[in-house]
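This briefing is intended for a reader who is new to the structure shown below.

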Amino acid sequence: MTPVEVLAQTTAAGPVRVTSPAPREAWWRLAEEDGATLVTQTPSWLDSICATGPFVDASRLYVFGGGRRLVVPLVRRRGLPGRLTTEEAWPSGWGIGGPLASPGAPDEEEALLVFRDLARRPALRVGVRFGPDADPVWASAAPPDFAAETLTTHVLDLSGGFDTVWEQRFHARARRETRKAERSSVEVEVDREGRLVSEFYGLYETSMLRWARQQHEPRALARLRRSRAFPQRYLEAVADRFGASCAIYLARVGGEPAAGVVVVSYGDRAKNWRGAMDRDLAHPVHATSLLQRLAIEDACAEGRTAYVMGDSRAGSSLAIFKEGFGAEGRPTLRYRRERLPLTEADRVMRTTAKRLLRFRDA
């Protein structure tokens, strides 16, 4: 039986009931009612994480006295005692898993209660990543024992349809590159059944080696690090669970895979989850620009209102590429409460290793 508890701390409207794991029916209902829901905030995304790694569902449903319901997606690392495990939304590489609420955003009292409840969890680390449309109330309510980190997520506004996006938001360079790709020998296939998982992952491995050269990273280390960060089973799990909502766009040049993107969609939003290319084949004909154009056009045809292109460092070549399609960088917040300085220790170890390898961030 799913445990239900009544929090000792209540709001002015009365007691707060918490259910964990969150009942799926209630979670899906909130996902449908919250217009800003990302595919990474759905139960199916959590199922993909748990199916491919050492995690179990630790999501929490809050039912407030005033009638508001709120789900915080979380997974707990299994196989460790409660005080040595972690509870996060999400583990590294899985994106944004912020709270969903209905009706409307929580007030500051409710948001603070959620933070305090999470702070009392026995886990060594509790972390929550908020999306680009998160209500400012969360930043206002965050207590000082949660360390905040600001990231930049690029989002393309699809309002007005593809003609508006193409004419008013695509930069001239992106339009020019797309037209050049359309006149070239590029052939594009779109797979919504998982048939192209292996071919896409082959391109991803090719990209790994290119990134390794750029970063002065030993090839063996690059393979190990990247295959742990994004093994093929991650893509297989998402393609299996999301079906037609997971689209793999693959461009071929001379019959050879040249570039690919994976787009996963839910509700009003499409998410450009992963991309890869063989630069020698893709770059001369701008195959990646063509794939982005086609994915954006499909998202508009499906009635999506936003195309989320993921995180990028401001001013990086990746950020500039995304901005060429009209995507805007929006601040997104990650909050962590740690009983020991795990994140800082990890940062120090990574920095030391990079110095020893003369590593250069691409």
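## A buried leucine and its surroundings

Leu118 counts as buried, because its relative accessibility is 1% and buried means under 20% relative accessible area. The model is predicted, and the values below are computed from it.

**Leu118**

- Leu118 belongs to helix H3, which covers residues 108-119.
- When neighbours within four places in sequence are left aside, the contacts of Leu118 are Arg60, Tyr62, Val72, Leu74, Val126, Val128, Phe146 and Arg337.

**The largest cavity**

- The count of cavities of 30 Å³ or more comes to 1.
- The largest cavity holds about 50 Å³ of space.
- Its lining consists of Arg192, Ser245, Ala247, Tyr249, Val263, Ser265, Ala295, Asp298, Ala299 and Glu302.
- Three elements each supply at least two residues of this lining: strand S12 (246-253), strand S13 (256-266) and helix H11 (287-301).
- Helix H11 provides the largest share of the lining, with 3 residues.
- Sorted by class, the lining of the largest cavity contains 5 nonpolar, 2 polar and 3 charged residues.

**The second largest pocket**

- By class, the lining of the second largest pocket comprises 11 nonpolar, 4 polar and 3 charged residues.

**Aromatic pairs**

- The structure contains 23 aromatic pairs.
- In the pair of Trp28 and Tyr266, the ring centres are 5.9 Å apart and the planes meet at 45°, so the pair is tilted.
- Trp28 lies in helix H1 (residues 24-33) and Tyr266 in strand S13, so this pair ties together parts that are 238 residues apart in sequence.
- Trp28 is partly exposed, because its relative accessible area is 28%, which lies between the limits of 20% for buried and 50% for exposed.
- Tyr266, by contrast, counts as buried, because its relative accessibility is 18%.
- Phe162 and Trp166 form a further tilted aromatic pair, with 6.1 Å from centre to centre and 40° between the planes.
- Both Phe162 and Trp166 are in helix H5 (residues 162-169), where they are 4 residues apart, about one turn of the helix.
- Phe162 counts as buried at 11% relative accessibility, and Trp166 counts as buried at 14%.

**Ring cluster and charges over rings**

- Ring pairs join Trp45, Trp94, Tyr201, Tyr204, Phe230, Tyr234, Phe242 and Trp273 into a cluster.
- Phe230, one of the members of this cluster, has Arg274 over its face, at 4.0 Å from the ring centre.
- Trp166, which pairs with Phe162, has Arg293 over its face, at 5.5 Å from the ring centre.

Key. Residues numbered from 1 in each chain as written. Predicted model: local features only at pLDDT ≥ 70, side-chain atom pairs only at ≥ 80, totals over all residues. Heavy atoms only, no water. 1 Å grid on protein atoms, 1.4 Å probe; cavity = no way out; pocket = protein on both sides within 12 Å on 5 of 7 lines; lining within 4 Å. Points joined across faces, edges and corners; volume = space filled by probe spheres on them. Nonpolar A, V, L, I, M, F, W, Y, C, P; charged D, E, K, R; others polar. Buried < 20%, exposed > 50% of the residue type's maximum accessible area, 1.4 Å probe, protein only. Contact = heavy atoms within 4.5 Å. Phe/Tyr/Trp six-rings, centres within 6.5 Å; stacked < 30°, edge-to-face > 60°. Lys NZ or Arg CZ within 6 Å of the ring centre and 35° of its normal.
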